[in-house]
Amino acid sequence: MNRLEIISWNNQPLTYIIHGEYQPDHTDFITPPEFKQQVGFVVYPAGGEVVRHVHKPLHRHLVGTSEVLIVRKGCCVIDVYNNEKTLVDSREIKEGDIILMVDGGHGFRMVEDTVFLEVKQGPYTGIDEKERF
């Protein structure tokens with residue numbers, strides 16, 4: 001099985017699926033550097049170190065919201081839509097899989113009881129940022 005599936009529409013990536021079986025032996029960033037959400041594996045040997053640091057207060061201008069979901073438990077089907085709200089593809093995702101949604105729309109149908117860990121940009125505005133269809 002491939003480490004990665006990319007669901008695209010008109011050569012525009014919509015969703016990345018990183019399969020849970022993928023265990024890199026070296027640092028491997030999945031996303032290109034221009035993406036507003038960076039996802040990758042950083043690999044260190046035993047005895048390695050991340051040198052202590054702080055992140056500088058860098059101002060960024062982002063348009064849109066990307067999300068990362070990690071399936072902690074269960075199994076479901078992701079339906080991936082383009083920006084015209086047309087279904088592009090569906091995939092079964094399971095425990096250990098990581099999904100990065102960078103464009104278009106999405107929905108989920110649970111096959112089993114499922115728990116996601118969700119990561120997305122903040123701050124949370126308190127307003128409804130979703131258009132349901």
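Strands, like helices, are DSSP runs numbered from the N terminus, with at least two residues (E) for a strand and at least four (H or I) for a helix. The model shown is predicted, so that local features need pLDDT of at least 70 and side-chain atom pairs count only at pLDDT 80 or more, while totals for chains, interfaces and linings use all residues. Residues are numbered from 1 along each chain as its sequence is written, and side-chain values use heavy atoms, with hydrogens and water left out.

**View 1. Ile99 in strand β8.** Ile99 has its place in strand β8, which covers residues 98–101. With a relative accessible area of 0%, Ile99 is buried, where buried stands for under 20% relative accessible area, exposed for over 50% and partly exposed for what lies in between (1.4 Å probe, protein chains only). The C-alpha atoms of Ile99 and Ile18 are separated by 6.3 Å, although these residues are 81 residues apart along the chain.

**View 2. The open sheet of five strands.** The strands follow the order β1-β2-β8-β5-β10, and their pairing is antiparallel; two strands pair if DSSP finds at least two bridges between them. Because β1 (4–9) and β10 (115–120) stand at the edges with a single partner strand each, one side of each is left without a neighbour in the sheet. From one strand to the next the twist averages 20°, with axes taken as lines fitted to C-alpha atoms (for helices over the stretch in contact) and angles running from 0 to 180 degrees between N-to-C directions.

**View 3. Strand β2 and its two partners.** Six of the seven residues of strand β2 (residues 12–18) are buried, and the strand is therefore largely enclosed by the rest of the structure. On one side, β1 and β2 run antiparallel and are joined by six bridges, with Ile7 standing opposite Thr15 in β2. The hairpin of β1 and β2 has two residues between the strands, and in this hairpin Asn10 takes a positive phi near 50°. Strand β8 also pairs with β2 in the antiparallel sense, here over four bridges, and Tyr16 stands opposite Leu100 in β8.

**View 4. Polar contacts of Asp79.** Asp79, placed in strand β6 (residues 75–81), is buried, with a relative accessible area of 8%. Its side chain makes a polar contact with the side chain of Ser90 at 2.6 Å, and the side chain of Asp79 makes another with the side chain of Arg109 at 2.8 Å. A polar contact is a pair of N or O atoms within 3.5 Å; within protein, one atom must be able to donate a hydrogen and the other to accept it, and residues adjacent in sequence count only if both atoms are side-chain atoms.

**View 5. Asp103 in the loop between β8 and β9.** Asp103 is found in the loop that lies between β8 and β9 (105–110), and its relative accessible area of 23% makes it partly exposed. The C-alpha atoms of Asp103 and Gln37 are separated by 11 Å, the two residues being 66 residues apart along the chain.
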